[in-house]
Amino acid sequence: MLGEHDVVTVRVDLPGEGLAAGDVGAVVHCYPGRDAYEVEVFDQFGRSKGVVTLSGSQLLRLNLVSLVA
């Protein structure tokens, strides 16, 4: 289960959404009782590519460790 503000990567190519496997984004909304999430996806420069609705099976949560002490 994903939570709001989780950093995720797209697991599969989604050409209809303009997304490719490996694109990175953040969960901005979790739909209660459903395996569906609004995700804002970013390009390599940190610019938003848009917000899309994706299922949990299309996403993989990234476990990021802060490099700043």
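Q: How many Å apart are the mean positions of the positive and negative charges of the protein chain?
A: This is a predicted model, where local features need pLDDT of at least 70, side-chain atom pairs count only at pLDDT 80 or more, and totals for chains, interfaces and linings use all residues. Residues are numbered from 1 along each chain as its sequence is written, and side-chain values use heavy atoms, leaving out hydrogens and water. Lys and Arg count as positive, Asp and Glu as negative, with His and the chain ends not counted; each charge is placed at NZ of Lys, CZ of Arg, CG of Asp or CD of Glu. For the 5 positive and 9 negative charges here, the mean positions lie apart by 3 Å.

Q: What pattern does the protein chain follow along the sequence?
A: Helices (H or I, at least four residues) and strands (E, at least two) are DSSP runs, numbered from the N terminus. The chain has 0 helices and 5 strands. So, going by those runs, the pattern reads β-β-β-β-β.

Q: In which sense do β3 and β4 pair?
A: Strands pair if DSSP finds at least two bridges between them. Strand β3 (residues 36-42) and strand β4 (residues 48-55) share 7 bridges. Their sense is antiparallel.

Q: Which residue in the hairpin of β3 and β4 takes a positive phi?
A: This hairpin has 5 residues between the strands. The phi in question is near 85 degrees, and the residue is G46.

Q: What percentage of the residues of the protein chain count as buried?
A: Buried means under 20% relative accessible area, exposed over 50%, and partly exposed in between (1.4 Å probe, protein chains only). Of the 69 residues, the buried share is 29%.
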